[in-house]
Amino acid sequence: MDNYDHASDALHTSLRGAIEAVVLVVDSPISADDLADVVDSDADTVTQILHQWADELTAAQSGIDLREMPEGWRLYTRADYAPYVEKVLLEGARGTLSRQALETLAVVAYRQPVTRSQVSAVRGVNVDGVMRTLQARGLIVDNGRDPETGGMLFCTTSLFLEELGLTTLTALPDLAPLLPAVERIDEIDDEVRQTVEARRVKTTSSDSEPAAAGDPTKSAEPGQEDADTTAQ
């Protein structure tokens, strides 16, 4: 019995860890159903873990707040600590951009509109904080959502062009010497489209499967009923 309890606890811990990791990196709220698909669990179990996690963060007066929004679950900074967060963001807005911020800004500039997850894939690191800094400085802005993935899209602003002394994006220098890994975005786009299309085809196929032979619910072919009656 003890071995079973230990195994169950280990499984629960592993599942919660997976949920925490996914919620941390998503660039838009994620539903319990989608989370369940990602972590190979059921929505009820995932929802229970999310509520438990949210309650623990609140009880500990954590600066992190896990909220359930109409679109799903996402991590936010707790409102009680907003003055400290604003102080950091404002100081960052007055300072010089770091190399990480410049690299992130370059990805957005050359491949806009682009989602946060696509930028993160190119850079190989989480870019949530850097993207927020760029937004706070007025260099990038959200520009709707990707119709296929639902992720928030970002593009540069007129202030970005002013800071570079440019009038249009076409005046940007060649991409190759600045961002050699940006072609990875095209691969990601293809992978996402293929995954979405595969799911769509699978769903369509399952909905349109013909009734099995001998199925009493299957309608007779036109004229077949009359033929059977005549034969009798």
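Predicted model: local features only at pLDDT ≥ 70, side-chain atom pairs only at ≥ 80, totals over all residues.

Reader: How many salt bridges does the count come to?

Author: The count comes to 7 salt bridges.

Reader: Which residues are linked with Glu20 in a network?

Author: Arg16 and Glu56 are linked with Glu20 in a network of salt bridges. Between the side chains of Glu20 and Arg16, the N to O distance is 2.7 Å.

Reader: Turning to Asp65, which residue is its salt-bridge partner?

Author: The partner of Asp65 is Arg78, and their closest N and O atoms are 3.5 Å apart. Asp65 belongs to strand S1 (residues 64-69), whereas Arg78 is in the loop between strand S2 (72-77) and helix H4 (82-94), so the pair ties together parts that are 13 residues apart in sequence. Both Asp65 and Arg78 are buried.

Reader: What about Arg123; with which residue does it form a salt bridge?

Author: Arg123 pairs with Glu103, with 3.0 Å between the closest N and O atoms. Because Arg123 lies in helix H6 and Glu103 in helix H5 (residues 99-111), this pair ties together parts that are 20 residues apart in sequence. Glu103 counts as partly exposed, at 29% relative accessibility.

Reader: Which residues of helix H6 are buried?

Author: In H6, residues 116-123, the buried residues are Arg116, Gln118, Val119, Val122 and Arg123. Viewed down the helix axis, the buried residues of H6 fall within an arc of 165°, so they line one face of the helix.

Reader: What follows H6?

Author: Gly124 follows H6, and its phi is positive, near 80°.

Reader: A change of topic: where does Leu161 lie?

Author: Leu161 lies in helix H8, residues 158-164. With 14% relative accessibility, Leu161 counts as buried, because buried means under 20% relative accessible area.

Reader: Which residues does Leu161 touch, leaving aside those up to four places away in sequence?

Author: Leu161 touches Leu166, Thr167, Thr168 and Leu169.

Reader: And what separates the C-alpha atoms of Leu161 and Leu172?

Author: Those C-alpha atoms are separated by 9.3 Å, and Leu161 and Leu172 are 11 residues apart along the chain.

Conventions:
Residues numbered from 1 in each chain as written. Heavy atoms only, no water. Buried < 20%, exposed > 50% of the residue type's maximum accessible area, 1.4 Å probe, protein only. Helix = DSSP H or I, 4+ residues; strand = E, 2+ residues; numbered from the N terminus. Arc of directions from axis to C-beta. Contact = heavy atoms within 4.5 Å. Salt bridge = Lys/Arg side-chain N within 4 Å of Asp/Glu carboxyl O.
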